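Please read it alongside the structure shown here.

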Amino acid sequence: MTNQMGTPSRYGLENHGIRNTTMEYWTLPTAPLIERIVSRREGILAHEGGVVVRTGQHTGRAPNDKFIVRDDLTTEDVWWGKVNQPITPEAFDRLYLRMTAYFQGRDVFVQDVLAANHPDHVMPIRVITESAWHNLFARNMFVRLPFDRLEQHVPEFTVIQAPRFQASPEEEGTNSEAFIILNFTKKVVLIGGTSYAGEIKKSIFSVLNYLLPKRGVFPMHCSANVGGGDRVALFFGLSGTGKTTLSSDASRMLIGDDEHGWGNDGVFNFEGGCYAKAIRLNPDLEPLIYQATRHFGSVLENVCIDPNTRRVDFDDDTYTENTRVSYPIGYLPNIVEEGRAGHPTDIFFLTADAFGVIPPIAKLTNDQALYYFLSGYTSKLAGTEKGLGQEPQTTFSACFGAPFLPLRPSVYAEMLEEKLKAHDATNVWLVNTGWTGGAFGVGKRISLPHTRSMIAAALDGQLAGRPFQADPVFGLAIPKSVSGVPDSVLNPRDTWGNPEDYDRVAAELVGRFTKNFEQYKPYVEERVFRAGPRE
């Protein structure tokens, strides 16, 4: 009989085809997991208790290695293409059998947890890993079950992850030895050939993005917080645009830092933890995140550490720019413990504009909100995905999260439009957290304190009574003044040394917007298309 440690579920691993393991570790708490991480030499302890681990060659997501099983359930409604590559049920079954056989004679770590902080939409999940540190990551990132519910836990979806197991592209139809495969019929996610832990959390996010719209819930790639007067704010954006940083505000209560749903009674967090970028983490600019990294049980991914003093160096990018830290949301001092709040009063679309021509803040009409939501413009920052170089790469990522959208972007845009119509007091803002005074390499990154001041002014209602000026290129309403921010910063053209250079670069970006939006014109009314920038 297999040796077991922890609290096993009565729904055992044999239900997943995993048998003859050496040791099964069931939903171990943080301390026993850390003991095994250290004893198995998977990672080392930093001087204040965080666990430092390495992911090897994969230091970011591998989007070219993500697949969805194409079968009777998914053929008609999945947004097939580069984002959602199809794989046959037969190829999945071959890979599944080989992968479950791989666990024979090995230790297996299981975390039985939940996704979605809402009683009507909660999804029981199981994360099965071959390493202790990935199991701790799952424990940090998802919603933990009460101890007395572990024995009865039956997962609705299961993630099986084994970084040292590799696919055979010739036999199984993958693009490389790495793979992330979602099977919605069998309710299983397979992850192999990559140690990057973010694949675990984002695979479940993709699952929720497929299931929840069918239940009337709008899934969103955003952070969320709530302040005085129950003013709920959402921050949409891709990795590196500031979702985690800007929502971690000492004057407001954090709901969550990355993934949320908007249902009939408000917004709710999908997760139980945070996964923050750690490169050049500054205790003065990001004090809450910085303190969370120093707690026992935080997982520091590819962060550099002195082997003698065990002190971490957040400025060192030897392994990657995409250094990460995972920690339970409870490590932050000001959180909404139930993970839920009311309907949003303010929505911020965050873009890291490497062209340096988008205003630092602008108010959007509802039609503009749909246009910029579908466009999802930003610049991918170094290291967030496999293959990115040191310079930001301009990208249009639908709904500010195309890699995680199994359904067509128009489905999510329609849900946003419905929400904005139902809650007509909700303000939508476009915020540039990228460059000013010139493009990348010439200008500089917009000041974080300035961005915080602009967002605070929007949330406090200060901008409601102030005059706005119209941006002649992008058609955006730019406030003429914001407390704590120099007026010269607000209009991007004024920050360039040569305004004609601004006009030339802005025109180039407008052309890219127009070309990208052609794909959505069949799905939106003409008024939405016309709400975009003008060529």
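**Nonpolar cores**

In this predicted model, the largest nonpolar core holds 103 residues, and of these Phe349, Phe373 and Phe474 touch the most other members.

- Leaving aside residues up to four places away in sequence, Phe373 touches Phe218, Phe236, Phe349, Ala398, Cys399, Phe400, Tyr412, Ala413 and Leu416.
- Another core, of 24 residues, lies apart from the largest one, and its members include Ile18, Phe92, Val108 and Ala167.
- In soluble globular proteins, nonpolar side chains tend to be buried together.

**Packing of α1 and α3**

- Helix α1 (residues 30–39) packs with helix α3 (residues 132–141) at an angle of about 155°, and their axes are 8 Å apart.
- Angles over 145 degrees count as roughly antiparallel, and α1 and α3 are therefore roughly antiparallel to each other.
- The crossing in which α1 passes α3 is left-handed.
- On the α1 side the contact is made by Thr30, Leu33, Ile34, Arg36 and Ile37, while α3 contributes Ala132, Trp133, Asn135, Leu136 and Arg139.
- Sorted by class, the contact of α1 with α3 has six nonpolar, two polar and two charged residues.

- Lys187, a residue other than glycine, has a positive phi near 55°, and it lies in the loop between β11 (179–183) and β12 (188–192).
- With a relative accessibility of 38%, Lys187 counts as partly exposed.
- Arg280, although not a glycine, has a positive phi of about 55°, and its place is in the loop between β18 (273–277) and α7 (287–292).
- The relative accessible area of Arg280 is 42%, so this residue is partly exposed.

How values were computed:
Residues numbered from 1 in each chain as written. Predicted model: local features only at pLDDT ≥ 70, side-chain atom pairs only at ≥ 80, totals over all residues. Heavy atoms only, no water. Axes fitted to C-alpha atoms, helices over the stretch in contact; angles between N-to-C directions. Helix = DSSP H or I, 4+ residues; strand = E, 2+ residues; numbered from the N terminus. Parallel < 35°, antiparallel > 145°, perpendicular 65-115°, else oblique. Left-handed = near helix turned anticlockwise from the far one by under 90°. Contact = heavy atoms within 4.5 Å. Nonpolar A, V, L, I, M, F, W, Y, C, P; charged D, E, K, R; others polar. Core = buried A, V, L, I, M, F, W, Y, C linked by side-chain atoms within 4.5 Å. Buried < 20%, exposed > 50% of the residue type's maximum accessible area, 1.4 Å probe, protein only.
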